[in-house]
Amino acid sequence: MSKKTKVWMLIAGCLVAAGLLLFAAVMTANDWDFTKLSTEELETNTHIPTESFSKIHIYTEEADVLFLPSEDNTCEVVCYESKNSLHTVDVINDALYIRVRNEKKWYDYIGIHLSSPKITVTLPRGAYDAVFIHSSTGSVEIPRDFEFSVVDIAVSTGDVTNYASTSERLKIKTDTGDIHVENASANAIQLSVSTGHIVLNDIRCSKLDAKGSTGDIRLKNVIATQQFSIDTSTGDVKFDKSDAPTIFVKTDTGDVTGSLLSGKVFTTKTSTGSVKVPPSSTGGECNIVTSTGDIRLEVRSS
């Protein structure tokens with residue numbers, strides 16, 4: 001190694017050490033709170049609707065959405081948001097509307113963004129007609145304290161967690177993110193994800209339609225009175241004590257495994273995978289097609 005190279009390496013090492021010391025000094029002065037490094041200024045705005053409503057519409061771009069039960073039977077919407085991307089809150093024709101008013105310029109997206117905008121909707125416990133949520137980036141969580149006739153959620157990037165029951169339709173679509181539905185009942189359930197898992201626990205419904213591209217679809221103690229229709233590309237499909245009178249499953253490279261609760265007339269097809277299912281009985285139809293995945297199912301009465 002030449003003397004000139006050694007000098008440059010020594011200078012580079014000194015600069016790195018100086019940078020680390022400066023970073024440590026700055027973080028110590030800020031109590032090692034990384035959010036203080038953010039270049040985006042967020043503020044908290046509280047809205048208290050005074051009119052009654054039975055429907056909820058939320059249209060946002062970058063905010064997480066969280067529902068909470070009210071302790072004093074009042075409604076409150078708290079928006080932790082960018083000053084250039086504020087939300088309006090209005091009650092119009094029996095519906096609560098929460099809508100973003102994005103006034104950001106292109107340069108507002110450049111910088112360090114360490115804090116996540118958030119919309120917290122606090123509602124009295126009980127039943128509502130419908131909730132519609134459309135978001136570009138952000139997670140959504142609805143607790144079991146509420147019931148809806150219709151839940152319709154569409155998210156581009158973010159996880160969706162739902163514990164609320166619906167009397168008519170539960171529809172959730174996300175491009176990148178997981179879908180988790182637990183301890184809920186519904187008439188029709190429609191779930192769709194591109195990159196992410198679909199997980200259902202303790203569900204009662206009439207029919208389930210689940211579609212995925214990359215990610216597993218897992219059903220634990222899920223009972224449908226009519227039908228399962230499941231379609232995925234590279235993810236596995238896993239049943240755990242779940243059942244429906246009619247079951248259709250299609251995968252490309254994923255395995256189909258687990259346990260059902262009643263006998264079925266099995267029709268299976270796979271190109272290179274192995275198949276192990278109980279002998280066909282007088283039960284309902286169970287049609288499973290894979291390309292390279294294995295099919296391994298058993299029947300457990302309880």
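What follows is a chat about the labels used for this model and the values behind them.

Modeller: Ground rules first: this is a predicted model, where local features need pLDDT of at least 70, side-chain atom pairs count only at pLDDT 80 or more, and totals for chains, interfaces and linings use all residues. Residues are numbered from 1 along each chain as its sequence is written, and side-chain values use heavy atoms, with hydrogens and water left out.

Biologist: Let's start with Asn 93. Why is Asn 93 called exposed?

Modeller: The label goes by relative accessible area, taken with a 1.4 Å probe on protein chains only: buried is under 20%, exposed is over 50%, and partly exposed is in between. Asn 93 comes out at 73%, so it counts as exposed. You'll find Asn 93 in the loop between β5 (85-92) and β6 (95-102). Those strand names come from DSSP runs (E, at least two residues; helices are H or I, at least four), numbered from the N terminus.

Biologist: What is the phi of Asn 93?

Modeller: Asn 93 has a positive phi of about 50°, although it isn't a glycine. Most residues other than glycine have a negative phi. Asn 183 also has a positive phi, near 50°, and is not a glycine either.

Biologist: And where is Asn 183, and what makes it partly exposed?

Modeller: Asn 183 lies in strand β13 (residues 179-185). Its relative accessibility is 43%, so it gets the partly exposed label.

Biologist: How do you know that β18 and β22 pair?

Modeller: Two strands pair if DSSP finds at least two bridges between them. β18 (residues 246-250) and β22 (residues 284-289) have 4 bridges and run in the parallel sense, so they pass that test. Val 249 stands opposite Ile 288 in β22. β22 is also joined to β20 (residues 264-269), again parallel, by 6 bridges. In that pairing, Lys 269 stands opposite Val 289.

Biologist: Now the rings. What makes Phe 53 and Tyr 128 a stacked pair?

Modeller: Rings of Phe, Tyr and Trp (its six-membered ring) pair if their centres lie within 6.5 Å; planes under 30 degrees apart count as stacked, over 60 as edge-to-face and the rest as tilted. The count by that rule is 5 aromatic pairs. In one of them, Phe 53 and Tyr 128 have centres 6.4 Å apart and planes at 25°, so they are a stacked pair.

Biologist: Which residues line the largest pocket?

Modeller: Phe 53 and Tyr 128 turn up again there, and Cys 75, Pro 49 and Leu 123 are also among the lining residues. The pocket holds about 150 Å³ of space. Its lining divides into 7 nonpolar, 3 polar and 1 charged residues. Here Ala, Val, Leu, Ile, Met, Phe, Trp, Tyr, Cys and Pro count as nonpolar, Asp, Glu, Lys and Arg as charged, and the others, Gly among them, as polar.

Biologist: What makes something a cavity rather than a pocket?

Modeller: On a 1 Å grid over the protein atoms alone, a cavity is a set of points where a 1.4 Å probe fits but cannot get out, while a pocket is an open set with protein on both sides within 12 Å along at least five of seven lines; lining residues have an atom within 4 Å of a point. Points are joined across faces, edges and corners, and the volume is the space filled by probe spheres set on them. β4 (76-82) and β5 are the elements that give two or more residues to its lining. By class, that lining has 3 nonpolar, 4 polar and 3 charged residues.

Biologist: Last one: why is Cys 75 called buried?

Modeller: Its relative accessible area is 9%, so Cys 75 is buried. Cys 205 is at 6%, so it is buried as well. As for disulfides (a pair of cysteine sulfur atoms within 2.5 Å), the count is 0.
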